[in-house]
2 protein chains.
Amino acid sequence: MKLDPISSCAACPIRHRAVCAECDARELALLAEIKSYRTFPAGAPLAAAGESLDHFSSIVAGCATMSRTLEDGRRQTVGLLMPSDYIGRPGRATSPFDVEALSEVTVCRFERRAFEKLVRELPHIASRLLTMTLDELDAARDWAVVLGRMTAREKIAAFLVSLARRQAVIEERDGPVGAVALHLPLSREAMADHLGLTIETTSRQITALRKDGLIEVPGKREIVIPDFEALALETGDDGDGGVIA
Amino acid sequence: MKLDPISSCAACPIRHRAVCAECDARELALLAEIKSYRTFPAGAPLAAAGESLDHFSSIVAGCATMSRTLEDGRRQTVGLLMPSDYIGRPGRATSPFDVEALSEVTVCRFERRAFEKLVRELPHIASRLLTMTLDELDAARDWAVVLGRMTAREKIAAFLVSLARRQAVIEERDGPVGAVALHLPLSREAMADHLGLTIETTSRQITALRKDGLIEVPGKREIVIPDFEALALETGDDGDGGVIA
DNA sequence: CGTCTTCTTGAAGAAGGTCAATCCTCGTGG
DNA sequence: CCACGAGGATTGACCTTCTTCAAGAAGACG
């Protein structure tokens, strides 16, 4: 997906969910002056743990992982970045995690210093950034429950349920009910890293869910959930604490 | 620990780290008008998942856990709240998690509506809240690495290392080096819930670390780390991505 | 001094990891 | 058009780690 570098924010697919969501026309004009688009191919690094990160970027299109790799090679993905999610933060010049494009990724970005100035001077930016960060914090804590206490089967189910919910938001549909088709933006290996499992266990549990009729697997990167509520029951979580993301 | 309800913010132990840290004298006076202190005994619930939460509270003294319990009783702690940490958020009337006092806890709190007004009208509050939330998000993501990829032994080591670091911050000392004494604010069960382990595995790994000379255990709630760096090496993380909290 | 709670230790079992072989699927080139 | 090869995915066999179930020790407290 290519975007015209000077295209209007009005046509931006993440206009109403990204860090600019609360901005008015005047503020958007200020942003447009200093924003720039950049596209990365699948597999490209968008940031590296411990390295400098000079921009604050919002994902416009595509999908990326945020992860850390331990000295001996064990990797844990700590966030799956989808359109409207951001990379970087005001007040810090290095990234604590690796960020890697899963598919071709287009970002809308600001030079760090300039963005810090925006956060200081435009309350609509600061306010939206706070809301998004609080939401991300809740999501990260929800994910800790998945990583710490769920079985392999439940982890797979929880991941598919959360992915279906996020795709619904991105495509501006209602929350998933009944039968849902899902495209997986990750390989089995990336899923395993996200779930704290091995690739073999991930594969086996997908097969098990398929044999139990809870999912169909028409292609390696395609999942059909015939009954969303039934799959959600497999997570062991009654969901009263908020949406898992 | 009891605090005078009308005591001056100037003498507050979390004055320079809490959500009010960036406020000037004039702003503190505004806060003082609407703040109230409340103390909870050990074991008391400060919030319940799915229930309404009418205040934004900062922990002044004591320690609490933030957790979720699955339908079948499995529990995962998603955050260990220490002085200066906050409970609640602007724009949301219910808590996504249970919050429970581990020791006697004193909080400084604001009625939710009043706090939302503060966030809107005092940029120093909004800015500090954003910084704290971004830090919490990094910490939650760091913890995901512990939960998802570390062994039981590494989890215990990572927890003790992170606790030592946080205690140093709270007591306004330098970061831990060499020999460090540590008071555990949690029971073995609470530690297990935090680490995604059983209480038995937690106990066994503490014993193993003791037998290996990496820690001493003078009391059930007391740990001495004779060589902080040696224990940090047991976490398998080289720490280049930021402090684990 | 008993009783309750918390912690520790032991033995057995299960879940998931490791190692290894095989299978797709798709792109390439003969 | 079809054989070949490479990368990812699946499956199988075995093994390690952690959990489960059970019993006992150590404090804390009336």
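**Exercise 1. A pair across the chains**

Task: Which contact do the side chains of Glu136(A) and Arg141(B) make, and what does the pair join?

Solution. 
Step 1. Take the distance. In this predicted model, the side chains of Glu136(A) and Arg141(B) come to 3.0 Å, N to O. The cut-off is 4 Å, so the pair is a salt bridge.
Step 2. Check accessibility. Glu136(A) is partly exposed, at 21% relative accessibility. Arg141(B) is buried, at 8%.

**Exercise 2. The interface**

Solution. 
Step 1. Count the residues. Chain A brings 47 residues, and chain B brings 47 residues.
Step 2. Take the area. The two chains bury about 4,300 Å² between them. Of this, 56% is on carbon and sulfur atoms.
Step 3. Find the residues of chain A that lose the most area to chain B. They are Arg68(A), Arg141(A) and Arg149(A). Together they make up 18% of what that side buries.
Step 4. Count the pairings. The interface holds 16 salt bridges. One of them links Arg68(A) to Asp142(B), with the closest N and O atoms 2.6 Å apart.
Step 5. Name the elements. On the side of chain A that touches chain B, at least two residues each come from strand E4 (64-69), strand E5 (75-81), helix H3 (123-149) and helix H5 (188-195). H3(A) gives the most, with 17 residues.
Step 6. Sort by type. That side of chain A divides into 20 nonpolar, 10 polar and 17 charged residues.

**Exercise 3. Helix H3 of chain A**

Task: What span should H3(A) have, and how many of its residues are buried?

Solution. 
Step 1. Work out the span. H3(A) has 27 residues, and at 1.5 Å a residue it should span 39 Å.
Step 2. Compare with the model. The end C-alpha atoms of H3(A) are 39 Å apart, which agrees.
Step 3. Count the buried residues. They number 21 of the 27, so H3(A) is largely enclosed by the rest of the structure.

**Exercise 4. Salt bridges within a chain**

Task: Which parts of the chain do the pairs Asp193(A)–Arg75(A) and Arg166(B)–Asp85(B) link?

Solution. 
Step 1. Start with chain A. Asp193(A) forms a salt bridge with Arg75(A), the closest N and O atoms being 3.0 Å apart. Asp193(A) is in helix H5 and Arg75(A) in strand E5, 118 residues apart, so distant parts of the chain are linked.
Step 2. Check accessibility. Asp193(A) is buried, at 10% relative accessible area. Arg75(A) is partly exposed, at 29%.
Step 3. Move to chain B. Arg166(B) forms a salt bridge with Asp85(B), at 2.7 Å between the closest N and O atoms. Arg166(B) lies in helix H4 (residues 152-170) and Asp85(B) in the loop between strand E5 (75-81) and strand E6 (86-87), so the pair ties together parts 81 residues apart in sequence. Both residues are buried.
Step 4. Look for shared partners. Arg89(A), Arg92(A), Asp135(B) and Asp138(B) are joined into one network by salt bridges that share partners.
Step 5. Take the total. The whole structure has 35 salt bridges over all chains.

**Exercise 5. Around Thr65(A)**

Task: Where is Thr65(A), and which residues does Thr65(A) touch?

Solution. 
Step 1. Check accessibility. Thr65(A) is buried, at 8%.
Step 2. List contacts, leaving out residues up to four places away in sequence. Thr65(A) touches Thr77(A), Gly79(A), Leu80(A), Asp98(A), Val99(A), Glu100(A) and Leu102(A).

Definitions and conventions
Residues numbered from 1 in each chain as written. Chains lettered and ligands numbered in written order. Predicted model: local features only at pLDDT ≥ 70, side-chain atom pairs only at ≥ 80, totals over all residues. Heavy atoms only, no water. Contact = heavy atoms within 4.5 Å. Buried area = accessible area lost by both parts, 1.4 Å probe. Helix = DSSP H or I, 4+ residues; strand = E, 2+ residues; numbered from the N terminus. Nonpolar A, V, L, I, M, F, W, Y, C, P; charged D, E, K, R; others polar. Buried < 20%, exposed > 50% of the residue type's maximum accessible area, 1.4 Å probe, protein only. Expected span 1.5 Å × (residues − 1).
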